[in-house]
Amino acid sequence: MKITAVIMAGGRGERFWPKSRNATPKQFLSLTKDGETMIQKTVKRLRPIVEAEDIFIVTNAAYTELVLDQLPDIPKENILAEPCARNTAPCIAFAAAVIGRKYEDAIMLVLPSDHLIGYEDIYLNTLKKAIKSAEKGKRLVTIGITPEYPETGYGYINFGEEKGDVYAVERFVEKPDLPTAKEYLASGRYLWNSGMFVWKVSSIMFNLKELMPDIYEGAMRIGQAYGTDSFSEVLVKEFTAFRSESVDFGIMEKANHIYTIPGSFGWDDVGSWLAVERINETDDDKNFIDGDVIAIDSKRTTVCGGKRLIAAVGTRDIIIVDTDDVLLVCSKNNTQDVKKVIARLKEQGRDELV
């Protein structure tokens, strides 16, 4: 069966402000010293098992040119431009309808554009197991990450009976508090929910029809118009009418035949500035330094410089990010609050800085 990949690349990456902006969000930035952007890395690691012509990028219409520039090997018609943001269920339905129109049925690897993978061979082997499982019946397969510590920032997958290389999913649970996360870790029956899925087009469309019929019907009309002169008009009409809903809530928490495969391949969702020190080499004092920086008696400090000299003296557990028009100084304990700065800027009408 044809293997396709759907890369979800419409997010704003607000927790990586001020580098990540509305015009150039996180997935189009390089956060590692090799210069490759997040989306370039995502596509590159898939190429051993998916042809370029079978990779589809679902993104905001405003980012079409960015995708074309960064991924010149992806056919232009495979860039599926959303006219507005509607969360992951409409995003996936849109892609499934287009792929179904093109191939009738195929395997879909549905993957975020902004994750990093440390061990790519293990990652590809995990995807191959998921593909093999997804070919059976109407299975929906998700990749869960074997937890390394009691993380409170991720949702979890509670798995049960083993069925070959996969496990039946008992339930999906929301982000827990710390005591609950410790219980999950100790039980050995929970995985981090990575947001990576594998299924056949026919399987996800069956579940959309059963559980989200309004989105299914709109997606079918989009798929029927794909490749015709009326596609743009139909896409805007149908997609803007979709309700905003995640595939986790709309499908995965309600459907039957849900399976998971545990993954241990150096996964990082690169969710905030804290990730920079995890995904790059640090010095003996656990500092990550990039740019024209003088660091004196600084420890556990992340500095992402710009055009000017930055001097960090006696800093501890601090993140400093410099751009042409913004300087961010943030305690590592407050990285999630970077989004509050954006909210304040919007309140002040300073949209040029967002």
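Colleague: Which residues do ring pairs link into a cluster?

Modeller: Rings of Phe, Tyr and Trp (its six-membered ring) pair if their centres lie within 6.5 Å. Planes under 30 degrees apart count as stacked, over 60 as edge-to-face, and the rest as tilted. Here, ring pairs join Tyr-149, Tyr-154, Trp-192 and Trp-267 into a cluster. Keep in mind that this is a predicted model: local features need pLDDT of at least 70, side-chain atom pairs count only at pLDDT 80 or more, and totals for chains, interfaces and linings use all residues. Residues are numbered from 1 along each chain as its sequence is written, and side-chain values use heavy atoms, with hydrogens and water left out.

Colleague: How many aromatic pairs does a search of the whole structure find?

Modeller: The search finds 14. One of them is Phe-197 with Trp-199: the ring centres are 5.2 Å apart and the planes are at 15°, so this pair is stacked. Both residues are buried. Buried means under 20% relative accessible area, exposed over 50%, partly exposed in between (1.4 Å probe, protein chains only).

Colleague: Over which ring does the charged end of Arg-139 sit?

Modeller: A charge sits over a ring if NZ of Lys or CZ of Arg is within 6 Å of the ring centre and within 35 degrees of the ring normal. For Arg-139 the ring is that of Tyr-259, with the charged end 4.2 Å from its centre. Lys-254 has its charged end over the ring of Phe-249, 4.3 Å from the centre.

Colleague: Now salt bridges. How many does a search of the whole structure find?

Modeller: Side chains of opposite charge can pair when their charged atoms come close. The criterion is a side-chain nitrogen of Lys or Arg within 4 Å of a carboxyl oxygen of Asp or Glu. The search finds 20. Take Glu-36, which is partly exposed at 22% relative accessible area. Glu-36 bridges to Lys-41, with the closest N and O atoms 3.4 Å apart. Glu-36 also bridges to Lys-44, at 3.0 Å. Lys-41 is buried at 13%, whereas Lys-44 is exposed at 54%.

Colleague: Which salt bridge partner does Asp-285 have?

Modeller: Lys-299, with the closest N and O atoms 3.2 Å apart. This pair links distant parts of the chain, 14 residues apart: Asp-285 is in the loop between α10 and β12, Lys-299 in the loop between β13 and β14. Both are partly exposed, Asp-285 at 34% and Lys-299 at 28%. Elsewhere, bridges with shared partners join Asp-34, Glu-36, Lys-41 and Lys-44 into one network.

Colleague: Is helix α1 mostly covered or mostly open?

Modeller: Helices (H or I, at least four residues) and strands (E, at least two) are DSSP runs, numbered from the N terminus. Helix α1 spans residues 38–46 and is mostly covered, with 7 of its 9 residues buried. Among them are Met-38, Ile-39, Lys-41 and Leu-46. Their cover includes β1, β2, α2, β4, β5 and α4.

Colleague: Which residues does Pro-18 touch?

Modeller: Contact means heavy atoms within 4.5 Å. Not counting residues up to four places away in sequence, Pro-18 touches Val-321, Thr-323, Val-326 and Leu-328. Pro-18 lies in the loop between β1 and α1 and is buried, at 1% relative accessible area. Its C-alpha atom is 9.0 Å from that of Val-338, 320 residues apart along the chain.
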